[in-house]
Every structure is written in structure tokens, then in C-alpha cells.
Amino acid sequence: MRRILALSFVMVAAFTGCPVGSGDGGENAKISELMDYCPQMCLKFQECNSALFALKWNSLADCEKECDPRTEANTCCVECDNRYAAGSAEHQDCFNVCRRDVDVEACKTMCDGISDEYYHNACITGCNKEFSQACADVHAGIHECYLGLECERAIIYHDFGGSASDLGECTNDDAVGTNC
């Protein structure tokens, strides 16, 4: 039942105008890299922790759908549609909050409330870095490291899609800590 409900949310979001791409109709580097990683990560998770995989997703398609950050953004946008009148400022603000992790322009709108020029500019720069190809390349390296770990090492991570950061084996703390 939850699966049907989630699919309904995604379908409604697709028709309600909450785009989660880069704003130009294409994918941004951050999303493209993650979408390349998701199928491999799901296979690795299935291989290394089949019991939990079966309990949580039961299929590679369901795992990949949850890994896709656009799924969560679309579901969030449906909640905005239900909560606020279409076209209202609150509705658009809600969309921007939903899309901030998948769209550089929505990320930048989160900087608008910062009145101090230095911190506002730093916020904008952070958004640009987060969605840059250079940052995607850093994360691709982290993901490649994770996929190369032995199962005994790979299953120790705190969150779905984690990169064994609890081990410190696959993270470049300097790069990730400064938004790549």
C-alpha cells in the first residue's frame, strides 16, 4: 500500500510543476553522478546484506527509486500542493525547500534570506560548488571506493546510500567538508 501511495505522489508531482532538474530541462552533475551510482549501490547492498535488502526493498527497482533524490523531492512537492494554494508565495517557497538538494537554483533561493553580503555570497558559492562537476567527481571517487570495499567493510554505514563514512575509508574529509 505504501508503495502505491508513494508512486501516486510521484505521478501527481510530475504534473504539478515541481521540476527537480537543473532548471534547463537537463540533469545537473550532482544528480547525474548519483543516478550512475544508484544501480551499482543497490547491487552492492543486495550482495552484502541480502536479508535487509529484501526487507527494505525486495527489488532493485524499488531500491533505485529510493536512492533517486528526485523521488523525495517530488513527494515533498506534492505535500506543498496539498498545504498551499498553487501560485502563492508560500507554495513556491515550499517547492524551493523541496528542490534545494536537487536543483542549484532552488539551493540559491535558500540564500536569499541572508542579509549579510559576505555570508550570502558564501551561500551562493556553496550551492554552485555542490552542483559542480568537480564536486560530482569527488563523490564519484567516494562511491567508487565504497563499491570496491569487501562486504564486511561495506555494510558498516549509518544511512542508506552512505559511503562507509563511519570507517573513514572512503571519504575525503577536506573535499567533502568544504562542499567539494
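Tutor: The expected span of a helix is 1.5 Å times one less than its number of residues. The model here is a predicted one, and the part to look at is helix H8 (117-130). H8 has 14 residues and should therefore span 20 Å; its end C-alpha atoms are 20 Å apart, in agreement with that value.

The helix belongs to a protein with eleven helices and zero strands. Of the 180 residues in the protein, 35% are buried. Within H8, the buried residues include Gly126, Cys127 and Glu130. Viewed down the axis of H8, its buried residues fall within an arc of 100°, so they line one face of the helix. Among the elements that cover these buried residues are helix H2 (29-48), H7 and helix H9 (133-148).

On the face turned away from the buried side, H8 carries Glu117 and Tyr118, which are exposed. Tyr118 also takes part in a nonpolar surface patch with Ile114 and Tyr119. Together, these three residues have about 360 Å² of accessible area. Ile114 comes from the loop between helix H7 (104-109) and H8. Ile114 counts as partly exposed because its relative accessibility is 31%, and the partly exposed class lies between the cut-offs of under 20% for buried and over 50% for exposed.

For the protein as a whole, the accessible surface comes to about 10300 Å², with 53% of it belonging to carbon and sulfur atoms.

Key
Residues numbered from 1 in each chain as written. Predicted model: local features only at pLDDT ≥ 70, side-chain atom pairs only at ≥ 80, totals over all residues. Heavy atoms only, no water. Helix = DSSP H or I, 4+ residues; strand = E, 2+ residues; numbered from the N terminus. Buried < 20%, exposed > 50% of the residue type's maximum accessible area, 1.4 Å probe, protein only. Areas by Shrake-Rupley, 256 points an atom, 1.4 Å probe, with all protein chains shown as cover. Patch = residues over 30% accessible without salt bridge, like charges linked within 9 Å, V, L, I, M, F, W, Y side chains within 5 Å. Salt bridge = Lys/Arg side-chain N within 4 Å of Asp/Glu carboxyl O. Arc of directions from axis to C-beta. Contact = heavy atoms within 4.5 Å.
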